[in-house]
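Work through the exercises below with the sequence and the 3D structure at hand. Each task is followed by a solution in steps.

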Amino acid sequence: MSTTFTPCPKCNSEYTYEDGDNYVCPECAHEWPKVAAVATAEQRVWKDAHGNLLQDGDTVTLIKDLKLKGSSTVVKVGTKVKNIKLVDGDHDIDCKIDGIGAMQLKSEFVKKA
């Protein structure tokens, strides 16, 4: 009788086991609650300013001038950003903008192209 549990979030070991209300990893001794394992299974949904779903690789357009912190450079309205990558956090889009370079954007300031 083999039961598969979620892999360890710290070391990705597949040899985890239950101990009361927790999962335990025998390789790194990390413990985490079973309830958190269920919550991480939910998928986060990213939406643009108009409520359209965003996905990795999408092209978006800025809907607001964005001043770059620590610089006098401004990214203008209408700037297209190709091949975005969605990440967790306050600034939830990683991207590269031609002429500026790598930066992070908030999904509330873009629309899907």
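The model is predicted, so local features need pLDDT of at least 70, side-chain atom pairs count only at pLDDT 80 or more, and totals for chains, interfaces and linings use all residues. Residues are numbered from 1 along each chain as its sequence is written, and side-chain values use heavy atoms, with hydrogens and water left out.

**Exercise 1.** Find how many salt bridges there are, and locate the one between R44 and D92.

Solution. 
- Step 1: Apply the rule: a side-chain nitrogen of Lys or Arg lies within 4 Å of a carboxyl oxygen of Asp or Glu. The count is four salt bridges.
- Step 2: Check the distance. The closest N and O atoms of R44 and D92 are 3.3 Å apart.
- Step 3: R44 is in the loop between α1 (34–40) and β4 (60–62), and D92 is in the loop between β8 (85–86) and β9 (93–97), 48 residues apart.
- Step 4: Compare accessibility, where buried means under 20% relative accessible area, exposed over 50%, and partly exposed in between (1.4 Å probe, protein chains only). R44 is partly exposed at 38%, while D92 is buried at 5%.

**Exercise 2.** Describe the salt bridge between D58 and K112.

Solution. 
- Step 1: The closest N and O atoms of D58 and K112 are 3.5 Å apart.
- Step 2: D58 is buried, with a relative accessible area of 13%; K112 is partly exposed at 35%.

**Exercise 3.** Where do K106 and D90 lie?

Solution. 
- Step 1: The side chains of K106 and D90 form a salt bridge, 3.5 Å from N to O.
- Step 2: K106 is in the loop between β10 (101–105) and β11, and D90 is in the loop between β8 and β9, 16 residues apart.
- Step 3: K106 is partly exposed at 22%, and D90 is exposed at 56%.

**Exercise 4.** What is the strand order in the open sheet of three strands?

Solution. 
- Step 1: Two strands pair if DSSP finds at least two bridges between them.
- Step 2: The order is β7-β4-β11, with antiparallel pairing. The edge strands β7 (80–81) and β11 each pair on one side only.
- Step 3: Three bridges join β4 and β11. T61 has K111 in β11 as its bridge partner.

Definitions and conventions. Helices (H or I, at least four residues) and strands (E, at least two) are DSSP runs, numbered from the N terminus.
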